[in-house]
Amino acid sequence: MSTIIDTFIAPPCREEIEILYQDNHLLLINKPAGLLSLSGKNPRNLDSVHHRLVKQFPGCTLVHRLDFGTSGLMVIARNKAINAALCQQFSQRSVTKIYRALLCGHLDDDEGVIDAPIAKDPALFPLMSICPINGKPARSRYRVIERTHQVLEDGTLLPLTRVELTPETGRTHQLRIHCQLLGHPILGCDLYGGLLQAGTGQTPRLMLHASALNFVHPVSGERINARSACPF
């Protein structure tokens, strides 16, 4: 069996976590890009969403995570009972998550579904892979918002497609690897081809943002429809 060796050291994140809503049971936050959701095993990767929030809200725990480079909405439980209740909603797929992204190139279709199982392979860490045999089911929907161009320093045009992405499952790197499978990786994605096209090398971040999160408040029963404006 291959041993996973994580050599990634996160650069300092100067941006603050924005708290959009709080009560005695949960928090809704806007995570900045370039911040880990949970502290890593390496002590140099101590800074994270959880590390910061637990100082202000003792006992808080993560219900779900966003990739290091992804910005946007997260719900945080303030105690174990709330965490269990929210995790049940995620596992039952009654939580709706919607993302905005910039993809390299112009998609042909205005909308579609990517249905491709995803597997973990320690030999490829940190990459995930599409694997029909050993992969876990993974399904994502996409909808084109606009097809545009970015003017580069030399005057050439970089074709980009702004999309709305809705993952129906929650696999690690799901949206990133599914967009790569489409042939249109997310701009700025260092793992799945988003920095390979000419003119993409200086992209400042992963162009993926969690823009909507819909769930039921575990205590009040109220339907929460959280929104966060896309920063790019």
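1. Basis. This is a predicted model, in which local features need pLDDT of at least 70, side-chain atom pairs count only at pLDDT 80 or more, and totals for chains, interfaces and linings use all residues. Residues are numbered from 1 along each chain as its sequence is written, and side-chain values use heavy atoms, with hydrogens and water left out.

2. Arg205, charge. Arg205 sits in the loop between α3 (174–182) and β11 (208–216); helices (H or I, at least four residues) and strands (E, at least two) are DSSP runs, numbered from the N terminus. Arg205 is buried but forms no salt bridge, and Glu15, the nearest side chain of opposite charge, is 6.6 Å away. Buried means under 20% relative accessible area, exposed over 50%, and partly exposed in between (1.4 Å probe, protein chains only). A salt bridge requires a side-chain nitrogen of Lys or Arg within 4 Å of a carboxyl oxygen of Asp or Glu. For charge, Lys and Arg count as positive and Asp and Glu as negative, while His and the chain ends are not counted.

3. Arg205, surroundings. A polar atom of the Arg205 side chain lies 2.9 Å from the backbone oxygen of Leu208. Leaving aside residues up to four places away in sequence, Arg205 touches Ala33, Gly69, Thr70, Ser71, Leu187, Gly188, Pro231 and Phe232, where contact means heavy atoms within 4.5 Å.

4. Salt bridges, total. The structure holds 9 salt bridges. One of them joins the side chains of Arg52 and Asp47 at 2.9 Å, N to O. Asp47 is partly exposed, with a relative accessible area of 31%.

5. Glu146 and Arg162. These two side chains form a salt bridge of 3.3 Å, N to O. The pair links distant parts of the chain, 16 residues apart, with Glu146 in strand β9 (residues 139–151) and Arg162 in strand β10 (residues 157–167). Glu146 is partly exposed at 36% relative accessible area, whereas Arg162 is buried at 17%.

6. Arg176 and Asp190. A salt bridge, also given as N to O, connects these side chains at 3.3 Å. Arg176 belongs to helix α3 and Asp190 to the loop between α3 and β11, so that the pair links distant parts of the chain, 14 residues apart. Arg176 is buried, with a relative accessible area of 7%, while Asp190 is exposed, with 57%.

7. Network. Salt bridges with shared partners join Asp115, Arg139, Arg141 and Glu168 into one network.

Note on methods: A polar contact is a pair of N or O atoms within 3.5 Å; within protein, one must be able to donate a hydrogen and the other to accept it, and residues adjacent in sequence count only if both atoms are side-chain atoms.
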